[in-house]
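Open the model in your viewer and follow the stops below in order. Each stop says what to select and what is there.

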Amino acid sequence: MRASQPPLQDPEAFSNLYTTTQIIIFRFIYGMHGGPVEEVEDLTCDTFMRAWKGRERFFGDDHEALCWLFTIARHLVIDAHRRRKTHPDNTDVLLDDASIDAIYISSQVTPEEQAASREQFKRLWQVLQNLPDDKREMLVLRYMLGWKVKQIAEYLQKEENTVSVNIRRCLEQIRQGWSVD
Amino acid sequence: MDNSPNQNVPEEFEIEEMLSHIRPRPTSRFDKKMRSAPWVMPIPSKVSHTLANWKPARRLAWGLIALLLMIALFGIAFSPSIRAIARQFFYSFIPAPSNQIEVQVTPAGPGDLFHFSDPANFTLSVKEVQQQAGFGLKEISLLPEGLIFTGSRFDPSYNAVTLLYQGNDYKLFLTQRPRGNSQDVFSIGASANVKLVKIGDIQGEFVAGGWKAVSTQPASENQTPSSMININAIWDSDLPQGTLRWQSGDIVYELRSVGEGSPSQSALINLANELK
């Protein structure tokens, strides 16, 4: 049975949703989109603006609200990727050292180790961005957001075992794509 | 086929580890952009209209909750009676004389208080913040599902490091500071129920609830961005907030959850046991 009033209609309720989910949505979009950070920030902003405009049509609890935000974000990322394809000059995401250090926590200590770690990350990021959206989404949820397989399965409405197998296949696909130019 | 860029292909577990270390954070540009979002709430007080044209007004609204957390943390700075009691303790919760307190603050500074809970201000990695703090830090070694590390910050005035974790519907603040700071107390309402708990073999304390702002008023008629503001706050044991404090070696630890989905007392203790 639906609540009589949409739970996010009240600005305070929406503000609470924003406060508790903004970093999660930002990271989700970053993983799905690939950067640069300004574009990810704009997409995050657009996600919440769309949700704000559509809040009267949303009925659900906090977890459903998060999933609803993911759906909006995913559509916006797909649109952004389409625009990129229309403008191929913008296809490459630049990853300078500063950008990498801003998003990747490396445990390496010496400058040489850090440089090697950055190169590895660059390669990982390239391969990750070449994965199909649905596969990338699973990896983003599992590793960048720290979700358990069970949570991902519930969110994607798939069997836990299916998700687990798919994640392993994605990792293998990354390994295979690692050395391919 | 020539696989020319053939770098050493990492193992699956190495890829998993790399993916787990991707922790992007929005820049201050994003924070500025979102300050004008339509859901940002005005200050719920009679001075809100007067303050509406202030640039810091929105920051003030955002930061009131954060400020009250800081009041709880550093109550001694505002209350002589608490200060007197605090001399007897190293790290205990200090009950205020009543369930109501009034504090005066300046909105324009110390500015960082108003942004204490804003994730955009937790910009440092653990390694970076450790370099600034100069003492050994612990972090939650095993994060429960849905909880992610956002970032950390160092407050030199209190020689304290705070790590921020974000859950689905709550935030978790892990604060660490060397013992011996005279302002190292946490004020609570007179009716607050402090429970003695065990964190491993160490005695600690847990309290549920927190200070809630009930009104704000300018301290004087002539308001400028640097004018003082009086904030009246009451202690509310039903606030979705829990704080755990304990001491290990020379470091005082505080683990505080804020938000509707805050972990229970036992879950918070479990997290404390995971600090490494």
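## Stop one: a sheet in chain B

Select B:Gly204; its bridge partner in β11(B) is B:Trp246. This is a predicted model, in which local features need pLDDT of at least 70 and side-chain atom pairs count only at pLDDT 80 or more, while totals for chains, interfaces and linings use all residues. Residues are numbered from 1 along each chain as its sequence is written, and chains are lettered from A and ligands numbered from 1 in the order in which they are written.

Now show β8 (202–208) and β11 (241–248) of chain B: they run antiparallel and are joined by 5 bridges. Strands (E, at least two residues) and helices (H or I, at least four) are DSSP runs, numbered from the N terminus.

Next, select helix α7 (126–133) of chain B, which packs on the sheet and touches β3 and β4 (160–166) of chain B. Contact means C-beta atoms, placed from the backbone, within 7 Å. Helix α8 (265–273) of chain B also packs on the sheet, touching β7, β8, β11 and β12 (251–258) of that chain.

## Stop two: where the chains meet

Show both chains: 44 residues of chain A are in contact with 40 residues of chain B. On the chain A side, α1(A) gives the most, with 11 residues.

## Stop three: two helices in chain A

Finish with α6 (133–144) and α8 (160–178) of chain A. Which residues of α6(A) meet α8(A)? They are A:Lys135, A:Met138, A:Leu139 and A:Arg142, facing A:Val163, A:Asn166, A:Ile167 and A:Cys170.

Notes:
Pairing = 2+ DSSP bridges. Axes fitted to C-alpha atoms, helices over the stretch in contact; angles between N-to-C directions.
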